[in-house]
Amino acid sequence: MAAPRFVDQLNIQIGNEFAAHQQYVAIAVYFDELTMPQLAGFFYRQALEERDHAMMMVQYLRDADERVTIPGVASPVTTFETLEAPIELALQQEKDVAEQINELTGIARDERDFASDQFMQWFIKEQVEEIATMSDLLTVVRRSKDDIEDIEEWVARETGSSEDDPGAPAIAGSD
Ligand SMILES: [Fe+2]
Ligand SMILES: [Fe+2]
């Protein structure tokens, strides 16, 4: 049982997370084509995280015995003019998602749906981290855009496979 307004908006958010997944796959492919395996790997991993976010929301709605409607998503951007352009897009995407997460949390509170409010707390923290990571990456790519090896080394050194997060919500189909 969750507030109907929250359920509607969370179903929309499932689509936003899948759209983020598709966008990150497209960015990963772009860097793969440039033979930048570290940066490609980073975005392939980010894509999987977005897919997991969508599936956490699916699991939450299933647990609450609420309606899940898997939506279609708009086509991602697949061509980029500069090396920075995909990272700028990624940073903007994370900022947009942070606003969507805040909006969802606001609806849960307005409706006095405290379980949904609590569910959203992990996503609030996650967005802070993802904006910080993407913002650091943009700084590095802008600084080293004429030295691709420098960027690759930074990505290999500073980003890795994400460590286990015991506080993370359950992912539908993964337990
Ligand atoms: Fe996400
Ligand atoms: Fe994200």
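Leaving aside its neighbours within four places in sequence, Gln 13 is in contact with Met 57, Val 97, Gln 100, Ile 101 and Leu 104, where contact means heavy atoms within 4.5 Å. Gln 13 lies in helix 1, residues 4-33; helices here are DSSP runs of H or I with at least four residues, numbered from the N terminus. At 1% relative accessibility, Gln 13 counts as buried, a term that means under 20% relative accessible area, with exposed meaning over 50% and partly exposed in between, for a 1.4 Å probe and protein chains only.

Before I continue, a word on conventions. This is a predicted model, in which local features need pLDDT of at least 70 and side-chain atom pairs count only at pLDDT 80 or more, while totals for chains, interfaces and linings use all residues. Residues are numbered from 1 along each chain as its sequence is written, chains are lettered from A and ligands numbered from 1 in the order in which they are written, and side-chain values use heavy atoms, with hydrogens and water left out.

I turn to the metal site. Which protein donors does the iron ion (ligand 1) have? They are Glu 17 (OE), Glu 50 (OE) and His 53 (ND1), lying 2.1 Å from the ion. Donors are N, O and S atoms within 2.8 Å of the metal (3.2 Å for Na, K and Ca), and sites may look incomplete because water is not among the atoms. Along the chain, these donors follow the spacing E-x32-E-x2-H. Glu 17 belongs to helix 1 and Glu 50 to helix 2, so the pair ties together parts that are 33 residues apart in sequence. Glu 50 also bridges the iron ion (ligand 1) and the iron ion (ligand 2), which lie 3.5 Å apart. Glu 17 counts as buried, at 1% relative accessibility, and Glu 50 counts as buried at 1% as well.

Finally, helix 5. Which residues of helix 5 (residues 148-158) are buried? They are Ile 151, Glu 152, Trp 154 and Val 155. Because these residues cover an arc of only 160° around the axis, they sit on the same side of helix 5; the arc is that of the directions from the helix axis to the C-beta atoms. In general, an α-helix has 3.6 residues a turn, so residues three or four places apart point the same way. The buried residues of helix 5 pack against helix 2 (37-63) and helix 4 (114-143). On the other side of helix 5, Glu 149 and Arg 157 are exposed.

Notes: Helix = DSSP H or I, 4+ residues; strand = E, 2+ residues; numbered from the N terminus.
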